[in-house]
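Here is a short briefing to read alongside the structure. Take a look at the fold before you start on the points below.

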Amino acid sequence: MISISKPWKFKFGIELPQLPRGNGLTLHSPTAYYYAMIEPMANYNIKGITWYQGESNVPKPEQYQELLTSLIKTWRNDWQKPNLPFLYVQL
């Protein structure tokens, strides 16, 4: 068994200032996951997109049309395919 009652030895890595909310690089921004996980794949050839729409935006239905339209436009632009099929499923 290893005792954890003694002082711990550790070293800090790079310290960066915390980014403000909503700049596209934080978990609080609608674009956070896109630029971290999806946009880097834009160089891959794809035939279409299937989007599963969850329920997280239920409290804000008025934003849905604008956000989905923007999402489709952004993906088609990033893949440089203006007619890329975009299918979506909702509950």
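From the N terminus on, the elements of this predicted chain follow the order α-β-α-β. That makes two helices and two strands in the secondary structure, where helices (H or I, at least four residues) and strands (E, at least two) are DSSP runs numbered from the N terminus.

**How to read the model**
- This is a predicted model in which local features need pLDDT of at least 70 and side-chain atom pairs count only at pLDDT 80 or more, while totals for chains, interfaces and linings use all residues.
- Residues are numbered from 1 along each chain as its sequence is written, and side-chain values use heavy atoms, with hydrogens and water left out.

**Confidence**
- The average pLDDT (the predictor's confidence in each residue, from 0 to 100) is 80 for the chain, and 79% of the residues score at least 70.
- Among the elements, H1 has the lowest mean pLDDT (80), and helix H2 (residues 64-78) has the highest (89).
- Where pLDDT is low, the predicted coordinates should not be read in detail.

**Inside and contacts**
- Of the 91 residues in the chain, 18% are buried, meaning under 20% relative accessible area with a 1.4 Å probe, protein chains only.
- Counting contacts (heavy atoms within 4.5 Å) between residues at least 6 apart in sequence, 61% join residues at least 24 apart.

**A look at Phe10**
- Phe10 lies in the segment before helix H1 (32-38).
- Phe10 counts as exposed (over 50%) because its relative accessibility is 63%.
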